[in-house]
2 protein chains.
Amino acid sequence: MSKQELVVLGQDESGCCPPLLAAPLDEEQAVELAKVFKALGDPVRLRLLSMIASREGGEICVCDLTPAFDLSQPTISHHLKLLRQAGLIDCERRGTWVYYWLLPGTVDKLAGVLTRPGQPAASEGSP
Amino acid sequence: MSKQELVVLGQDESGCCPPLLAAPLDEEQAVELAKVFKALGDPVRLRLLSMIASREGGEICVCDLTPAFDLSQPTISHHLKLLRQAGLIDCERRGTWVYYWLLPGTVDKLAGVLTRPGQPAASEGSP
DNA sequence: CTCTTGTTTCGACATACGTCTATGTTGACG
DNA sequence: CGTCAACATAGACGTATGTCGAAACAAGAG
């Protein structure tokens, strides 16, 4: 089940991040990046990702996600599939329920790509 | 001309950034964020943004953007319009030519939203 | 095995999106 | 004023996307 992500971002260990804002992107990089941004370009998927990522234990059951939306269960499942194919989340069946969790690599990659040179990290407000 | 952005992100000065990955997003925030991510969800627009942002002087003429793509001039103009409506760039006519530049606020906002708590800034690789 | 519950897959459909050609608009220059 | 070049807008067309209901699949309980 967790075998079908498109491995959309090279997850390169080569230091840090391809500069989006510091050098022109070549077409191939742009295509790969656009897939992930497109996955984030829907309010339902953003909220799903947010709910998954902000879960204390790191995992959340579909049955806890669905009631938060005014949409049919198949539609939620569809959006979760797109997030999974974008490499943003993964899931595992555990008995009757399916649990989803965040794949931090892809999100970190995006954050890096969008960080302008010289811009400090977005440190959360808890010193 | 530079008057029609949707002012899509509140550009709030309230410290830093709404946590996308630390707390569930409410619907309104999700809708606003999704507009910007959707604008980034196209390879042509990503490359356009990248070319604009990485320009040394901070500005670039449309006549320098168009030839880099295998698309018609109106198509490029259309994509630039979407980036502008998303609050990512702005433009100004200067004689015959139109110049575009990056609006750093929106990009910074996205980077902040995608940065996980505890994740350091993406420092560029030039020590 | 059968029944029930949770989840995904399958078609179908309306809408949105990316692209084009054709046409406007704006400014520079004779 | 007329003409040309640089961009923008308008309309059209094919494809992709978001949504649903129905059906299939998986796993536990009788």
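Start with α4(B), the largest contributor to the surface near DNA strand C, with five residues; helices here are DSSP runs of H or I with at least four residues, strands are runs of E with at least two, and both are numbered from the N terminus. This is a predicted model: local features need pLDDT of at least 70, side-chain atom pairs count only at pLDDT 80 or more, and totals for chains, interfaces and linings use all residues. Residues are numbered from 1 along each chain as its sequence is written, chains are lettered from A in the order written, and side-chain values use heavy atoms, without hydrogens and water.

Next, select the 25 residues around DNA strand C; A:Gln73, A:Ser77, A:Tyr100, B:Thr75 and B:His79 come nearest (near means a heavy atom within 4 Å). Besides α4 (73-85) of chain B, the elements α3, α4 and β3 of chain A each supply at least two residues of this surface.

Now show the phosphate oxygens of DNA strand C. One lies 2.9 Å from a polar side-chain atom of A:Ser77. For A:Tyr100, a side-chain N or O atom is 2.9 Å from a phosphate oxygen. In chain B, select B:Ser72, where a polar backbone atom is 3.0 Å from a phosphate oxygen.

Finally, stay on A:Ser77 and A:Tyr100: with A:Val62, A:Leu80 and A:Val98, they are the closest to the centre of the second largest pocket among its 12 lining residues. Four residues of that lining come from α4(A), the largest share.

Methods
1 Å grid on protein atoms, 1.4 Å probe; cavity = no way out; pocket = protein on both sides within 12 Å on 5 of 7 lines; lining within 4 Å. Polar contact = N/O pair within 3.5 Å; in protein donor to acceptor, adjacent residues only side chain to side chain.
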